[in-house]
Each structure stands twice: as C-alpha cells, then as structure tokens.
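Keep the structure in view as you read, and find each residue as it is named.

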Amino acid sequence: MPNVLNTPAGRAAIALALTAAGAGLLMLVFGIDAYNWIKAIHVIAIIAWMAAMLYLPRLFIYHCDSEPGSRQSETFKVMEARLTRIIMNPSMVIAWVLGLWLAFQADWFVAPWFHAKLTAALIMSGVHGYFVGAVRKFAEDRNDKSARHWRIMNEVPTLLMIAIVILVIVKPF
Ligand code: HEM
C-alpha cells in the first residue's frame with residue numbers, strides 16, 4: 001500500500017498541521033503579540049517560496065540545454081523535484097495559511113490594497129502550479145518549451161513579488 005504521507009496531498013496536510021499547531025502554540029504563549037510572530041513566520045515562508053520560485057525556472061533554462069537521458073539531465077530532474085517537494089510546496093502552504101490568518105485577525109478583507117495583493121498572490125500560486133507541471137514534464141523528458149520561454153517565465157514571479165511587497169508595505173490604496 002502506498003504511504004499516503006509521501007504523496008503531495010499528504011505532505012501538504014503535514015505542512016498544514018504543523019503550521020496550525022505552531023500558530024496555536026504562539027497564540028498560547030504570546031497572546032496578543034501573536035500577530036507579529038505569525039507575520040514574521042509568514043515573511044520567512046515567503047522568502048523560502050520566492051527563492052524556489054526564482055531558482056526553478058533557472059534550472060529549467062539549464063535543463064533545456066542538456067541532452068535527454070544524459071547524466072546532467074538526470075541531475076537536473078533530481079534538483080527540480082527536491083526543490084519543489086521540500087521547499088516550494090510546503091512554503092507556499094505555510095504562506096497561505098498564515099497570510100489568511102493575518103487577514104482574518106486584522107480584518108484586511110475590507111482593504112482595497114489587500115484585494116490587489118490577494119489577486120497577485122493567486123496569480124503567483126497559478127505560476128507555481130504551472131512550474132510544478134513543468135517539473136513533471138521535464139521528469140518524463142516531455143518539455144516542449146524553449147530556454148527563452150523559461151527565461152521570460154523567470155521574470156513573472158519577480159514582477160509579482162515586487163508588486164506584492166509594495167502593496168503590503170506602502171498600502172497605496
Ligand atoms: C499567499 C497568500 C498571501 C496572503 C493571504 C497574505 C496576507 C498577508 C497579510 C494579511 C499580511 C499582514 C499585513 C499587515 O499586517 O500590514 C501580510 C504581510 C506580509 N506579506 Fe503576505 N500574504 C500572502 C502572500 C504574500 C506574498 C506572495 C508575498 C511576497 C512576495 C508577501 C509578502 C508579505 C510581507 C513582506 C508582509 C509584511 C508586511 C509588513 O507588515 O510590513 N505575502 N501578508
């Protein structure tokens with residue numbers, strides 16, 4: 001029988017449970033200060049998520065230049081799969097859970113800047129899904145996109161990240 005904890009859904013469930021337990025513990029220990037602690041962990045998760053989202057398309061660019069079946073290509077497959085599984089997926093789940101917790105706590109859902117941030121975060125998550133699909137295609141030697149395509153895609157998370165950080169810190173509207 002396959003180990004359910006070793007599936008993407010299983011790992012997402014573990015990340016969720018650990019995040020919820022950690023958030024609960026922080027609230028118990030720090031009471032009202034929990035907001036700032038949760039925000040700090042949210043930002044740490046965002047840094048990990050963004051690091052992976054910026055590095056993965058770089059790996060795709062190099063992967064495009066390596067012969068399918070070559071040792072180099074197989075190494076890229078392992079790097080892409082580990083980056084996705086160990087860093088990118090769990091950090092996205094944690095960023096979402098804690099970000100939504102912050103929004104509920106401070107009632108940010110009424111703020112126009114937050115609507116814009118949420119939209120940008122949803123697009124970022126869509127790009128995340130697209131990258132995960134590409135990892136799967138590369139793993140089966142079925143990538144049909146050029147290095148130039150991945151070079152352009154590399155800029156999408158960068159631009160979204162700049163917009164989100166300005167929205168959340170300047171809160172221009
Ligand atoms: C995934 C969905 C996300 C949700 C629901 C969310 C929600 C939130 C909320 C409610 C806050 C607290 C705002 C405040 O107290 O002023 C916050 C803080 C922050 N978020 Fe997010 N966020 C998400 C994703 C992101 C992303 C993708 C980035 C960056 C690329 C980001 C960067 C930040 C930063 C830098 C702060 C700290 C701002 C400050 O207090 O000065 N968040 N987030």
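The points below go from the overall fold to single residues.

This is a predicted model. The protein chain has 5 helices and 0 strands.

**Overall fold**

- Along the sequence, the pattern of the protein chain reads α-α-α-α-α.
- The C-alpha atoms fill a box of roughly 55 × 45 × 20 Å, taken along the principal axes.
- The protein chain has 173 residues, and 23% of them count as buried.
- Take the contacts in the protein chain with a separation of 6 or more: 81% of them join residues 24 or more positions apart.

**Helix 1 against helix 2**

- Helix 1 covers residues 8-30, and helix 2 covers residues 34-64.
- These two helices pack at an angle of about 145°. Their axes are 9 Å apart.
- The crossing of helix 1 and helix 2 is right-handed.
- Helix 1 brings Ala23, Leu26, Met27 and Phe30 to the contact. Helix 2 brings Ala34, Trp37 and Ile38.
- By class, the residues of this contact are 7 nonpolar, no polar and no charged.

**The nonpolar cores**

- Where do nonpolar side chains tend to go in soluble globular proteins? They tend to be buried together.
- In this model, the largest nonpolar core has 22 residues.
- Trp49, Ala95 and Leu98 have the most contacts inside that core.
- Helix 2, helix 3 and helix 4 each supply at least two residues of this core. Helix 2 gives the most, with 9 residues.
- Leaving out residues up to four places away in sequence, Trp49 touches Met88, Ser91, Met92 and Ala95.
- Another core, of 5 residues, lies apart from the largest one. Among its members are Met124, Ile164, Leu167 and Val168.

**Glu74**

- Glu74 is found in helix 3.
- Is Glu74 exposed, partly exposed or buried? Glu74 counts as partly exposed because it has 13 C-beta neighbours inside 10 Å. A residue needs 20 or more to be buried, and 12 or fewer to be exposed.
- Glu74 and His63 are 11 residues apart in sequence. In space, they are 9.2 Å apart, C-alpha to C-alpha.

**Two residues with positive phi**

- Most residues other than glycine have a negative phi.
- Asp107 has a positive phi, near 60°. Look for Asp107 in the loop between helix 3 and helix 4.
- Why does Asp107 count as exposed? Asp107 is exposed because it has 9 C-beta neighbours inside 10 Å.
- Lys171 also has a positive phi, near 45°. Lys171 sits in the segment after helix 5.
- Lys171 has 14 other C-beta atoms within 10 Å, so it is partly exposed.

Conventions
Residues are numbered from 1 along each chain as its sequence is written. This is a predicted model: local features need pLDDT of at least 70, side-chain atom pairs count only at pLDDT 80 or more; totals for chains, interfaces and linings use all residues. Helices (H or I, at least four residues) and strands (E, at least two) are DSSP runs, numbered from the N terminus. Two residues are in contact if their C-beta atoms, placed from the backbone, lie within 7 Å. Axes are lines fitted to C-alpha atoms, for helices over the stretch in contact, and angles run from 0 to 180 degrees between N-to-C directions. A crossing is left-handed if the near helix is turned anticlockwise from the far one by less than a right angle, and right-handed if clockwise. Ala, Val, Leu, Ile, Met, Phe, Trp, Tyr, Cys and Pro count as nonpolar, Asp, Glu, Lys and Arg as charged, and the others, Gly among them, as polar. A nonpolar core is a set of buried Ala, Val, Leu, Ile, Met, Phe, Trp, Tyr and Cys residues joined through C-beta atoms within 7 Å.
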